[in-house]
Amino acid sequence: MSEKLHTPPDMSYGDYLGLGVLLSAQKPLSGEHDELLFIVIHQASELWLKLSLHELRAARAWIAEDDLGPAFKAIARVSRIQGQLIQSWDVLGTMTPSDYHAFRPHLGQSSGFQSHQYRALEFLLGAKDAAMLRVHEGTPFHAGLAEALAEPSLYDECVRLLARRGFALPADAVERDWRVRRAEHPAVEAAWLEVYRDPERHWDLYELAEKLVDLEFRFQQWRFAHLKTVERIIGFKAGTGGSSGAAYLARALQGSFFPELYKVRTDL
């Protein structure tokens, strides 16, 4: 049975999705075959970052309101988004060093290091570093990133939730300068240890902790895939935007967004 064909609707598929704008946003500068691949991968990644920010900002708000059900769904969704981002490096990895160097001079000083959405996502997850704001000085995104730096991270709201649930947390573990990366705190670890030792009693907090661990696991897999793709294509050259390239990516893998959730595994 054939599908019914209708006259053109008031709003078409292309209109709703803005495909005219979206599909005209790829503007290769070199004429090299693989430049379109490079552009599409990075533009698609920025769309996934936009959705990740949308979901995790909502999750943070729900946690602040003690509404954990929808927060679990949003965090889990971002973990799956990370799967898509990880796979994108597999596709980009089909480009050889020779392919990339054929159009690299046309990138100028542009670099993924300058992605304001990636920086906002790091801030939201707790990787606070005020020095990174300098990369965005003079851009329309600087003010928004400064605001994101000064807001509680997703994990900050989880720690505040622990305090509201009656866990013994001192003031410096709950209210602090949000612009600074959270340091590992023994009282926060002790609270999570209590949760993990009696998951049935604290089931929703236990599930929240596991959702966070899964999120960080996927995020670090994405970073690792990024690092290995960069090594595969440009080796240990400096990045186009002036970053140290692979060396910077390797350092980023060494930190943890939720340090107590990993320490507690040793102490169980």
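Y16 sits in helix 1, which covers residues 13-17. Keep in mind that this is a predicted model. Let's work through it together.

**Exercise 1. Describe the protein chain as a whole: how many helices and strands does the chain have?**

Step 1: Go through the elements from the N terminus; they run α-α-α-α-α-α-α-α-α-α-α-α-α. The count is 13 helices and zero strands.

Step 2: Turn to the dimensions. Along the principal axes, the C-alpha atoms fill a box of roughly 60 × 55 × 35 Å.

Step 3: Consider burial and surface. The chain has 268 residues, and 43% of them count as buried.

Step 4: Finish with the contacts. Taking those between residues at least 6 apart in sequence, 71% join residues at least 24 apart.

**Exercise 2. At what angle do helix 6 and helix 7 pack, and which residues meet there?**

Step 1: Recall that a packed helix pair is described by the angle between the axes and the distance between them.

Step 2: Helix 6 (residues 116-125) and helix 7 (residues 142-149) pack at about 10 degrees, and their axes lie 9 Å apart. Helix 6 is therefore roughly parallel to helix 7.

Step 3: Find the residues that meet. Helix 6 contributes H116, R119, A120 and F123, while helix 7 contributes L145, A148 and L149.

Step 4: Stay in helix 6 and pick out Q117. With a relative accessible area of 13%, Q117 is buried. Beyond its neighbours within four places in sequence, Q117 is in contact with E46, L49, K50 and L53.

**Exercise 3. Where is A246 found, and which residues does A246 touch?**

Step 1: Locate A246 in helix 12, residues 246-252.

Step 2: Check its accessibility. The relative value is 2%, so A246 counts as buried.

Step 3: List the contacts, not counting residues up to four places away in sequence: A246 touches L227, V230, E231, G235 and F236.

Step 4: For a distance check, take R232, 14 residues from A246 along the chain; their C-alpha atoms are separated by 10.0 Å.

Definitions and conventions:
Residues numbered from 1 in each chain as written. Predicted model: local features only at pLDDT ≥ 70, side-chain atom pairs only at ≥ 80, totals over all residues. Heavy atoms only, no water. Helix = DSSP H or I, 4+ residues; strand = E, 2+ residues; numbered from the N terminus. Axes fitted to C-alpha atoms, helices over the stretch in contact; angles between N-to-C directions. Parallel < 35°, antiparallel > 145°, perpendicular 65-115°, else oblique. Contact = heavy atoms within 4.5 Å. Buried < 20%, exposed > 50% of the residue type's maximum accessible area, 1.4 Å probe, protein only.
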